[in-house]
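Dear colleague,

Here is the structure that I promised to hand over, with the sequence alongside. Please keep both open while you read the notes below.

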Amino acid sequence: MTMRLPDARAHLLTNATADRYRRTLMDGVERVAARIATTERPFTGITPDRLAAEVGAVDLDRPLGDPLAALDELENVYLRDAVYFHHPRYLAHLNCPVVIPAVLGEAVLSAVNSSMDTWDQSAGGTLIERRLVDWTAARIGFGPAADGVFTSGGSQSNLHALLLAREEALAAVALPRAEVLPRLRILASAAGHFSVQKSAKLLGLAPDAVVTVGVDADRRMRPGALHRELVRCRERGQIVMAVVATAGTTDFGSIDPLPAIAEQCAAAGAWLHVDAAYGCGLLVSPTRRHLLAGIERADSVTVDYHKSFFQPVSSSALVVRDRQALRHATYHADYLNPARMAEQRIPNQVDKSLQTTRRFDALKLWMTLRIMGADAIGALFDDVVDRAAAAWDMLAEDPRFEVVTRSSLSTVVFRYLPTGPGRVHADAVNLHAREALAASGAAVVAATKVDGRHFLKFTLLNPETTVEDIAVVLELVARHAGHYIDRVTTPMLACNAR
Ligand SMILES: Cc1ncc(COP(=O)(O)O)c(C=O)c1O
């Protein structure tokens with residue numbers, strides 16, 4: 001069905017359609033508000049096959065024409081079965097409930113639709129993003145030479161940091177690139193994020209370019225192990241282009257010892273990148289900022305506002321100590337950012353970014369700081385860190401569970417430990433408990449491996465999650481685990497189950 005031109009124009013957001021925009025958005029807001037207010041479970045437990053049938057049945061070449069009809073349809077293909085992070089029993093990944101000021105920013109930025117590459121596509125947007133980068137740099141403790149840019153997420157921020165580190169390392173040796181590239185190494189702990197490995201691949205480094213540095217019992221990089229790896233690389237003629245320290249590992253919420261690592265990087269002349277994608281919330285914590293001591297000695301820092309600043313996806317930044325390093329991502333295009341613009345001091349962000357057209361995600365953080373303020377965000381993050389500590393205590397006292405590594409942030413890694421003959425099934429029991437819980441929709445928890453064994457994980461990012469919620473979820477885990485053990489250890493039942 002082809003829409004007539006006047007009808008099509010009625011859907012464009014222009015000065016003639018401001019009223020339609022207002023009404024349509026209100027309809028959408030009403031629908032989402034009703035869903036959010038009445039969500040009883042974080043997930044319905046629907047299977048991919050069932051949902052794929054609903055999505056597949058939609059004829060994309062037959063538009064409904066009417067926003068209300070499309071919203072009705074959206075209930076069935078998305079809203080009804082979405083995973084709701086605002087629900088207090090969503091305890092799985094690093095997804096936060098979002099603050100309303102940021103959602104307001106999101107609505108504004110998509111309607112105005114600025115693009116953050118050049119001044120002539122964003123004007124005030126460029127200045128707002130710059131202010132927020134400066135604000136973040138000041139929170140990190142960087143000096144006036146600092147700069148940075150918003151990115152799509154922690155993976156892109158890490159890639160960008162490592163690109164800069166690679167170029168700095170290449171510039172420091174007077175040898176052909178092709179000769180140096182295979183000798184470059186990145187040192188990171190095994191608890192660091194896998195985007196480091198992906199980045200190494202994208203940056204054309206050797207397959208074994210990422211060297212794993214040993215961790216202590218709390219999953220923090222051991223300075224002694226780092227020293228050994230630095231020496232080993234030197235002895236092998238390898239060049240350490242970066243050490244990646246993690247301020248908040250994804251699974252364990254551990255923070256690498258930043259001052260000791262910074263000391264060694266300075267001595268070895270290695271670029272220090274701090275991946276604070278998760279731990280960046282501590283930058284605004286009224287009580288725990290000291291946990292990031294040493295971060296100010298980094299060369300670059302990844303911050304993910306869409307993790308611990310309660311911002312909608314996407315919202316992240318890469319911040320560098322010395323803006324000179326950002327030149328490695330600069331290319332001048334005649335049509336967009338010719339060199340003369342820099343000479344005329346017309347500000348743009350594309351000279352620093354890996355992206356060209358880019359969302360004005362910074363507006364969400366701006367609205368958050370202007371409406372709520374940084375302390376309020378930090379207090380929300382403090383709440384979830386406190387709750388994780390309480391959950392850890394609860395698990396440590398419960399003989400049915402084993403809990404590992406007390407997190408500095410808000411993760412809790414644990415497993416159900418069957419006793420008696422069920423003990424040999426510990427891995428399968430925990431995998432089953434997680435799946436059964438998600439299928440019931442009553443709660444969503446994550447899974448990971450610790451020393452090769454299957455564990456479960458809470459990532460607490462919702463201040464509305466109470467200790468009672470956690471206790472209820474643990475009972476549910478125990479119940480699903482118990483059913484599984486009964487099935488596999490009772491021969492009759494096991495036969496029937498097959
Ligand atoms: C420590 C850490 N770094 C980087 C990332 C990647 O961030 P993103 O998912 O925003 O790309 C994550 C994601 O969980 C993370 O935990």
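Arg-62 is exposed, because its relative accessible area is 60%, and Asp-59 is partly exposed at 39%, where buried means under 20% relative accessible area, exposed means over 50% and partly exposed is in between, with a 1.4 Å probe and protein chains only. The side chains of Arg-62 and Asp-59 meet in a salt bridge, at 3.5 Å from N to O; a salt bridge here is a side-chain nitrogen of Lys or Arg within 4 Å of a carboxyl oxygen of Asp or Glu.

Before going further, please note that this is a predicted model, in which local features need pLDDT of at least 70 and side-chain atom pairs count only at pLDDT 80 or more, while totals for chains, interfaces and linings use all residues. Residues are numbered from 1 along each chain as its sequence is written, and side-chain values use heavy atoms, with hydrogens and water left out.

Salt bridges

By the rule above, the count comes to 32 salt bridges. Another of them joins the side chains of Glu-106 and Arg-359, at 2.3 Å from N to O. Glu-106 lies in helix H5 and Arg-359 in the loop between helix H13 (339–343) and helix H14 (362–371), so this pair ties together parts that are 253 residues apart in sequence; helices (H or I, at least four residues) and strands (E, at least two) are DSSP runs, numbered from the N terminus. Glu-106 counts as buried, at 17% relative accessibility, whereas Arg-359 is partly exposed, with a relative accessible area of 35%.

The side chains of Lys-457 and Asp-251 also meet in a salt bridge, at 2.8 Å from N to O. Because Lys-457 lies in strand S12 (residues 453–459) and Asp-251 in the loop between S5 and H11, the pair ties together parts that are 206 residues apart in sequence. Both Lys-457 and Asp-251 are buried. Elsewhere, Arg-31, Arg-35, Asp-72 and Glu-75 are linked in a network of salt bridges.

Helix H10 (residues 223–235) has 13 residues and reaches 18 Å from its first C-alpha to its last, close to the 18 Å expected at 1.5 Å a residue, the expected span being 1.5 Å times one less than the number of residues. Its buried residues are Ala-225, Leu-226, Glu-229, Leu-230 and Cys-233. Seen down the axis of H10, these buried residues fall within an arc of 140°, so they line one face of the helix; the arc is that of the directions from the helix axis to the C-beta atoms. On the other side of H10, Arg-234 and Glu-235 are exposed. The cover over the buried residues of H10 includes strand S3 (184–189), strand S4 (210–213), strand S5 (239–246) and helix H11 (258–268). Just after H10, Gly-237 takes a positive phi of about 80°.

In H11, the buried residues are Leu-258, Ile-261, Ala-262, Gln-264 and Cys-265. They cover an arc of only 165° around the axis, which puts them on the same side of H11. The face turned away from that buried side carries the exposed residues Ala-266 and Ala-267. The buried residues of H11 pack against H10, S5 and strand S6 (271–276), and just after H11, Gly-269 takes a positive phi of about 70°.

Two buried residues

Thr-249 is placed in the loop between S5 and H11, and at 0% relative accessibility it counts as buried. Leaving aside neighbours within four places in sequence, Thr-249 is in contact (heavy atoms within 4.5 Å) with Ala-191, Ser-254 and Tyr-278. Ser-157, in helix H7 (residues 154–172), likewise counts as buried at 0% relative accessibility. With neighbours within four places in sequence again left aside, Ser-157 is in contact with Thr-151, Thr-302, Ser-316, Ala-317 and Leu-318.

A nonpolar patch

Leu-104, Val-108, Val-112 and Ile-371 make a nonpolar surface patch of about 350 Å². Patches are made of residues with over 30% relative accessible area and no salt bridge, with like charges joined within 9 Å and nonpolar side chains (Val, Leu, Ile, Met, Phe, Trp, Tyr) within 5 Å; the accessible areas come from the Shrake-Rupley method with a 1.4 Å probe. Helix H5 (residues 100–112) gives the most to this patch, with three residues. Val-108 is found in helix H5 and counts as partly exposed, at 35% relative accessibility.

With best wishes
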